[in-house]
Amino acid sequence: MDNIVSWTVEDEAIIATNTDATECKRCAVELGYWKDDYIKYFAKHVDRKAPEINRGYYARVKAMEMFIHQFLERCDTKCQIINLGCGFDTLYWRLKDTTQAVANFIELDFPAVVRKKYQIIKRNKQLLEKICNEDGEVVIRSGDVHAAGYHLAACDLRCEREVARQLAACEARADAPTLLLAECVLVYLRPGAGDALLRQLAAAFPRAALLLYEQCNLADRFGEVMLRNLHARGVSLEGAAAAGPPHAQARRALAAGWARARSWDMREVWRALPDADRARADRLEPLDERELLQQLHAHYALTVASRGEIFADLDLHA
Ligand SMILES: C[S@@+](CC[C@H](N)C(=O)[O-])C[C@H]1O[C@@H](n2cnc3c(N)ncnc32)[C@H](O)[C@@H]1O
């Protein structure tokens, strides 16, 4: 049962959410919220988004960065990062420009996204040269991309057997410190499939940290409107039932076998960002409607779960 998943028209609509995320990130980058020299290759033309949207993405990217940094501080670069439902995320390239490039970086998404991401990588030297080893070798197998320390593979995250097979093909190691990222992904999976994935990952990686960024508190009026808007675009967030209050997401991870888990809504995360970062955002784009940003932040949560002592002290207030 767990491995029989049929492809639906809705999957196409889910894939389109990646285009949205990429365009929003590019817009915020162009306005100067954070630096990303690679996002421009993945989203060509973008309309200016509302300041609250830009601010929301800024908080999301900063929060993820903060925990990625904490993870890397604890295990150095002899580790692996697995980006689940990676979309057109550029983290691999951004880390390559620092001293923090990791031993193995694995990206998983639907075949259509993987295909498109590789086409873009292939067309742009600045992206391609960073996945080639000294011999310039990149192996393409069944549309998947395998290079030394970088793998981009097609995988339906609802299918346990496929996840296991692709992680092995991408040389994921059970004994390596592992950072798992799922940024706006689990919410597209039925709760049962999301739980199974969390359980599978907890069992597979005994020394690991998991960062989940997801919608939360969808039961109120704001959540209702959000769900209706997505529905109109053909997406019916199958995991919405699991998107309760933030602490429910931590409980979910604990129930799936993660040793520790904590969640914060994005209002809390925003307050925990360095004063200088928040002040800079205010200078970039003043907000007319602060209430709107508060509402948006109240409907997204960051969850950090871990296994293994080395990651026991990952914290928002570290
Ligand atoms: C909103 S986008 C987020 C992309 C990226 N994580 C980011 O934050 O920029 C959601 C991504 O999850 C992927 N996704 C959703 N359900 C999936 C599934 N069952 N298997 C693989 N990928 C999935 C989509 O294709 C899409 O790329």
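Tutor: In this predicted model, a polar side-chain atom of lysine 25 lies 2.9 Å from an oxygen atom of the ligand. Elsewhere around the ligand, a polar backbone atom of glycine 85 is 2.8 Å from a ligand nitrogen atom, and an N or O atom in the side chain of aspartate 156 is 3.0 Å from a nitrogen atom of the ligand. On its own the ligand has 590 Å² of accessible area, of which the protein covers 98%.

The shell consists of 22 residues, and those that come nearest to the ligand are Lys25, Arg60, Gly85, Asp109 and Leu157. Sorted by class, the shell holds 12 nonpolar, four polar and six charged residues. Helix H1 supplies the largest share of it, namely six residues.

H1, which spans residues 9-30, packs against helix H3, residues 51-75, at an angle of about 95 degrees and with 9 Å between their axes. Because angles of 65 to 115 degrees count as roughly perpendicular, H1 and H3 are described in that way. Where the two helices meet, H1 contributes Asp20, Ala21, Cys24, Lys25, Cys27 and Ala28, while H3 contributes Ile53, Asn54, Tyr57, Arg60 and Val61; by class, this contact has seven nonpolar, one polar and three charged residues.

Terms used
Residues numbered from 1 in each chain as written. Predicted model: local features only at pLDDT ≥ 70, side-chain atom pairs only at ≥ 80, totals over all residues. Heavy atoms only, no water. Axes fitted to C-alpha atoms, helices over the stretch in contact; angles between N-to-C directions. Helix = DSSP H or I, 4+ residues; strand = E, 2+ residues; numbered from the N terminus. Parallel < 35°, antiparallel > 145°, perpendicular 65-115°, else oblique. Contact = heavy atoms within 4.5 Å. Nonpolar A, V, L, I, M, F, W, Y, C, P; charged D, E, K, R; others polar. Near = heavy atom within 4 Å. Polar contact = N/O pair within 3.5 Å; in protein donor to acceptor, adjacent residues only side chain to side chain. Areas by Shrake-Rupley, 256 points an atom, 1.4 Å probe, with all protein chains shown as cover.
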